[in-house]
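Hi,

Here is the model I promised to pass on.

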Amino acid sequence: MAKLAPEAYKAVLALEIASKKGLDPSLVELVKIRASQVNHCAFCLDMHTKDAIAAGESVERIVQLGAWEESRHFYTEKELAAIELTEAVTVLTDGFVPDEVFEKAAAHFEERELAQLITVIATINVWNRFGVTTRMVPGHYKPGMYKA
């Protein structure tokens, strides 16, 4: 994508950089990992789990993220609200984000933080679609390799 559609790639990269401002880096990685799990993006899972571990996130919390509803005790209420919002925005099963999911997130995040969180979720979904569609191969990523 960087070579074949450089303007689009640079635009998403700029959105990526802007989206994280003011948010806890650990929370951002959990959101990116969960969206990537839902979207089956192996490349992004490889990248974000490695970045999260390198930044000090526990392997246990990363492993349990796929079953967060049964493993709630590993996460703060704020993280759970972000994870639930991530799933709702990523899947949009009913064509919208349920009010109760949005309200729960709004209760844990200031308005600006919530806007940033929604942007992080939207951005990782763009990256996931690039990765899945272009068959990006996981396994060779090194933490910080694409530091934005």
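**A surface valine and its patch**

V63 is exposed, at a relative accessible area of 55% (exposed means over 50%, buried under 20%, partly exposed in between, with a 1.4 Å probe and protein chains only). V63 sits in helix α4, residues 59–64 (helices are DSSP runs of H or I with at least four residues, strands are runs of E with at least two, both numbered from the N terminus). Together with I53 and V59, V63 makes up a nonpolar surface patch with about 260 Å² of accessible area. Patch members have over 30% relative accessible area and no salt bridge; nonpolar side chains (Val, Leu, Ile, Met, Phe, Trp, Tyr) are joined within 5 Å, like charges within 9 Å. A salt bridge here is a side-chain nitrogen of Lys or Arg within 4 Å of a carboxyl oxygen of Asp or Glu, and the areas are Shrake-Rupley values with a 1.4 Å probe, where only the protein chains shown count as cover for residues.

Before you go further: this is a predicted model, where local features need pLDDT of at least 70 and side-chain atom pairs pLDDT 80 or more, while totals for chains, interfaces and linings use all residues. Residues are numbered from 1 along each chain as its sequence is written, and side-chain values use heavy atoms, without hydrogens and water.

**Helix α1**

α1 covers residues 6–19, and its 14 residues reach 20 Å from first to last C-alpha, close to the 20 Å expected at 1.5 Å a residue (the expected span being 1.5 Å times one less than the number of residues). Its buried residues are V12, E16 and S19. Seen down the axis of α1, they fall within an arc of 75 degrees, so they line one face of the helix (the arc is taken over directions from the helix axis to the C-beta atoms). That set packs against α2 (25–39) and α7 (111–133), while E7 and K10 are exposed on the other side.

**A buried glutamate**

E87, in α5 (residues 77–91), counts as buried at 18% relative accessibility. Beyond its neighbours within four places in sequence, E87 is in contact with R34, V38, W68 and L92 (contact means heavy atoms within 4.5 Å).

**Two positive phi values**

Most residues other than glycine have a negative phi. H40, in the loop between α2 and α3 (42–54), has a positive phi near 60 degrees and is exposed at 67%. R135, in the segment after α7, has a positive phi of about 60 degrees and is exposed at 63%.

Cheers
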